[in-house]
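Subject: Structure for you to look at

Hello,

Here is the structure I said I would pass on. Please open it first, then read the notes below alongside it.

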Amino acid sequence: MPFRAPVKDTYRKKSPFEGLLDHIGKVRECVHILRGGILRYVDGEFEGFHEIAEKVSELEHEADLIKGNIRAHLPRSVLMPVDKRYFLWLLREQDAILDHAENLAQLLDLRHTVIPEEMRDDFKEHMNLVAATVEEMEKAVENVKDLLMTSFSGRERDETKTYIHNVHKKEWEADQKRYAITAKIYEMEDEMDAMDEYHLLKIVDWIDDIADHAENAADWLRAMIAK
Amino acid sequence: MIIILVIIAIFAGLYMAWNIGANDVANSMSTAVGSKAITLRQALIIASILNFLGAVLVGKHVTDTIQNKIVDVAIIADHDLMLGFMAALLSAGVFVTLSTWKELPVSTTHAVIGGVVGFGLIEGGINMVKWRTVENIAASWVISPIAGGVLAFIMFKIIAATIFSNKKPADMARKIGPFFIILTFFIIFLSIFLKTRVGAMLEYTTWEFALMALAMASLTGIAGFFLLKKITGEGYDIVEGLFRRLQVMTSCYVAFSHGANDVANAVAPVAVVLMLAWKEIDAIYILAIGGMGIAVGIITWGYKVIKTVGGKITALTNTRGFSIDFAAATVVLVASKLGLPISTTHTVVGAVIGVGLARGLDAVDLSVIKKIVYSWLLTLPASAALSILIYRGLIILF
């Protein structure tokens with residue numbers, strides 16, 4: 001027998017923010033796994049990288065399902081404590097991090113490029129900085145939970161902003177590293193096979209793309225929580 | 001012949017009361033059950049007892065309005081009046097069944113008012129209906145959800161500004177909580193004293209009653225202070241834990257107000273029929289029967305509804321539930337004191353939206369507003385038309 005209880009239709013069981021947190025969780029997990037794989041790859045240990053690339057694809061797909069689910073359950077008439085457009089842009093940029101992680105993993109798996117020994121530490125540092133950018137981004141999004149709980153109190157807003165600031169800082173450091181690596185590659189271009197050089201440039205760019213999208217996501221988050 | 005009418009009226013009235021208990025209790029208690037402030041069993045006990053008390057202690061004003069202030073009862077012949085209120089009751093019954101079947105947010109209150117207006121129109125024409133009262137009632141339908149929304153917005157903003165922005169939110173909640181208790185009980189006591197049978201027996205002036213209510217409320221506030229002090233710790237979870245206790249109180253408040261306002265939908269038409277049939281009859285017994293009917297509805301069927309609705313709602317924390325319950329109950333109780341029959345459900349929905357606008361809820365679906373506006377526009381004319389048809393039928397029969 002049906003009941004008449006319009007109250008149940010007014011607020012929903014599943015919060016879109018829960019989905020957002022699930023999604024960033026997948027992003028962090030994915031980048032974490034990829035980082036482990038790349039650190040070994042840089043050392044020339046290609047064994048097992050295929051499995052990591054597959055795992056990354058799997059996580060990307062899972063996150064896609066979460067994204068689709070959030071979008072599907074966000075009708076036009078829904079009232080949210082934040083601007084819905086910013087929320088969707090944030091989600092989109094989070095998703096872009098995963099897309100680039102997946103592309104990078106697949107590319108590395110297609111051609112096992114040996115990285116010259118004198119660059120290995122730079123590549124590792126770069127990867128660590130990029131992963132740190134994503135980790136700070138996750139902390140910022142995680143803090144949205146407290147922001148919602150306190151109805152956007154100044155204290156929690158400041159905390160989120162601190163994480164966002166950290167994202168920018170790490171991303172800037174990653175950029176510096178990327179320029180340094182690129183410069184080194186060009187310096188060594190006479191000793192290198194053209195295809196290798198092309199591939200190295202590609203790798204460093206694509207690793208850096210992950211940090212760029214984490215930064216974009218941070219910008220949308222900043223806009224989303226603005227007063 | 002009259003005895004048959006009386007029996008039909010009593011059964012129809014009981015059916016309405018049962019329905020109000022069974023269905024509407026979900027809208028008033030589901031926030032408390034959904035936010036786990038109280039268990040299902042507690043909700044049923046609280047709701048049935050306090051609905052009954054609200055109906056008996058404060059339910060008379062709204063009942064009077066429906067009985068005497070919508071149509072000019074003095075002019076209409078007794079027999080026609082009985083049949084007219086029977087028609088209103090039956091048409092409201094059909095609407096309750098229809099809205100339950102189709103899950104529409106149609107209000108029992110609106111259907112009863114529409115029914116009475118319909119019979120008044122056919123019996124004596126345009127002038128028979130007291131349009132001023134009907135206008136006031138119709139205005140209250142629009143105002144009550146808005147008032148619920150505004151009050152819930154303010155309550156939640158107060159909680160956010162004082163408690164959540166504080167470095168020690170739980171400490172602040174322990175300090176502010178007792179004032180919320182005092183405010184709630186002050187309103188409840190005042191509603192029981194002013195212009196009621198209890199108040200008439202005590203024979204004090206309004207100001208003396210206000211002072212008494214304040215003194216009694218302060219005592220509950222002090223008791224509450226010590227109760228909240230027992231919950232130690234700091235952090236947002238502790239704040240919610242403190243408000244879980246406060247929400248037990250506001251759930252009672254909602255149930256009480258619901259009884260006060262909604263019992264009239266079931267008993268007002270029955271009271272007219274009984275009074276005309278037996279002349280001398282005490283309204284308190286009729287209110288008590290209505291209150292019992294609501295309580296039975298809650299116990300026999302309400303649990304299923306709360307279970308379903310409560311299960312679908314979990315995204316509500318206790319500070320939000322508290323704001324919604326406090327706002328809705330206050331608006332409904334004030335309306336009851338003013339003799340305005342309003343929809344509890346619509347007021348609760350308004351309060352939910354108010355908290356949503358105060359950035360308190362993750363997602364509020366505003367499409368429910370559209371449905372409610374449709375139900376406003378449709379219920380009154382439709383139930384008036386239905387009441388006219390039933391009235392014509394009853395005239396032929398009796």
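Is Arg359(B) buried or exposed? Arg359(B) is buried, because 20 other C-beta atoms lie within 10 Å. The rule behind this is that a residue is buried if 20 or more other C-beta atoms lie within 10 Å of its own, exposed if 12 or fewer, and partly exposed in between, with C-beta atoms placed from the backbone. Arg359(B) sits in the loop between α13 (344–357) and β1 (364–365) of chain B. Its phi is positive, about 60°, although Arg359(B) is not a glycine.

Before the rest, some notes on reading the model. This is a predicted model, in which local features need pLDDT of at least 70, side-chain atom pairs count only at pLDDT 80 or more, and totals for chains, interfaces and linings use all residues. Residues are numbered from 1 along each chain as its sequence is written, while chains are lettered from A and ligands numbered from 1 in the order in which they are written.

Confidence

pLDDT is the predictor's confidence in each residue, from 0 to 100. Chain B averages a pLDDT of 89, and 98% of its residues score at least 70. For the complex, the predictor gives an ipTM of 0.88 and a pTM of 0.91. Where pLDDT is low, the predicted coordinates should not be read in detail.

Chain A

Chain A has eight helices and one strand. Helices (H or I, at least four residues) and strands (E, at least two) are DSSP runs, numbered from the N terminus. In sequence order the pattern is α-α-α-β-α-α-α-α-α. The C-alpha trace of chain A spans about 75 × 40 × 25 Å along its principal axes. Of its 227 residues, 46% count as buried. Two residues are in contact if their C-beta atoms, placed from the backbone, lie within 7 Å. Among contacts in chain A between residues at least 6 apart in sequence, 86% join residues at least 24 apart.

Helix α7 of chain A covers residues 154–187. Its 34 residues should span 50 Å at 1.5 Å a residue, and its end C-alpha atoms are 50 Å apart, so the two agree. The expected span is 1.5 Å times one less than the number of residues. The buried residues of α7(A) include Glu156(A), Thr160(A), Ile164(A) and Val167(A). An α-helix has 3.6 residues a turn, so residues three or four places apart point the same way. The buried residues of α7(A) pack against α5 (117–142), α6 (144–149) and α8 (194–224) of chain A.

Phe152(A) is in the loop between α6 and α7 of chain A. Phe152(A) counts as buried because it has 22 C-beta neighbours inside 10 Å. Its phi is near 60°, a positive value in a residue other than glycine.

Chain B

Chain B has 14 helices and one strand. Its C-alpha trace spans about 70 × 50 × 35 Å along the principal axes. Of the 398 residues of chain B, 58% count as buried. A compact globule with 398 residues would have a radius of gyration near 21 Å, and chain B has 21 Å, so the two agree. That radius is taken over C-alpha atoms, and the globule rule is 2.2 Å times the number of residues to the power 0.38.

Helix α1 (residues 2–34) of chain B has 33 residues and reaches 47 Å from its first C-alpha to its last, close to the 48 Å expected. α1(B) has a kink of about 50° centred on Ser28(B). The bend at a residue is the angle between axes fitted to the seven residues ending there and the seven starting there. α1(B) is mostly covered, with 24 of its 33 residues buried. After α1(B) comes Lys36(B), with a positive phi near 60°.

The core

A nonpolar core is a set of buried Ala, Val, Leu, Ile, Met, Phe, Trp, Tyr and Cys residues joined through C-beta atoms within 7 Å. The largest one has 196 residues, and Ala101(A), Leu221(A) and Met86(B) have the most contacts inside it. Helix α10 (residues 236–278) of chain B gives the most to this core, with 21 residues.

Regards
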